[in-house]
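Please open the model in your viewer and keep the selection tool at hand. The stops below follow one another as a short tour.

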Amino acid sequence: FISDIARMGEVVNFSSSDGRRIGLSRGVINECPIFKNMLENGNLQITNISGDILEKVIEYCSYHSNALKSEGENISEEVKIWDQEFLKVEKSILFQLIYAADYLEIESLLDMACKAVASMIVGKNPDEIREILNIEKDLTAKEEKQIKKD
């Protein structure tokens with residue numbers, strides 16, 4: 001029954017981790033293998049992605065689904081520009097998008113978001129990278145000195 005709804009192009013409501021109900025179209029469902037599997041299994045609860053992040057993921061999938069319909073496999077300059085603008089978000093949101101893309105197996109979003117993080121840390125020293133990635137310093141001053149010595 002649920003698969004029939006998706007095939008007809010109607011919206012299917014999924015629930016996010018914070019209980020928000022978010023409608024997904026067939027195009028979005030087809031962009032994400034996990035959405036397809038969840039729909040086929042009748043499980044419409046996404047327990048580890050918030051509504052805000054899920055909406056961003058859906059925005060990405062919707063745009064790319066429509067772009068794929070109109071342009072085929074060739075990604076235009078317009079899509080590349082849209083992708084760059086899409087990722088102009090706070091670091092915390094970018095990291096949540098990476099987590100969501102990985103969990104939902106959306107390879108294109110995962111690759112694009114990881115490249116954005118990589119560009120943020122290129123040419124940075126270890127302390128700057130720790131700060132950007134919110135990694136706590138786990139070595140004592142003595143241990144750091146020993147590593148530099150070696």
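**The strand pair**

Begin by selecting residues 12-15 and 21-24, strands β1 and β2, which run antiparallel and are joined by four bridges; strands here are DSSP runs of E with at least two residues, helices are runs of H or I with at least four, both numbered from the N terminus, and two strands pair if DSSP finds at least two bridges between them. Ser15 has Arg21 in β2 as its bridge partner. Five residues lie between the two strands of this hairpin, and in the turn Gly19 has a positive phi of about 85°.

**Reading the model**

This is a predicted model, in which local features need pLDDT of at least 70 and side-chain atom pairs count only at pLDDT 80 or more, while totals for chains, interfaces and linings use all residues. Residues are numbered from 1 along each chain as its sequence is written, and side-chain values use heavy atoms, with hydrogens and water left out.

Select α5 (residues 77-86), whose buried residues are Val79, Trp82, Asp83 and Phe86, where buried means under 20% relative accessible area and exposed over 50%, with partly exposed in between (1.4 Å probe, protein chains only). On the other side of α5, Glu77 and Gln84 are exposed.

Finish at Leu97 in α6, which counts as buried because its relative accessibility is 0%. Beyond its neighbours within four places in sequence, Leu97 is in contact (heavy atoms within 4.5 Å) with Ile53, Lys56, Val57, Phe86 and Leu87.
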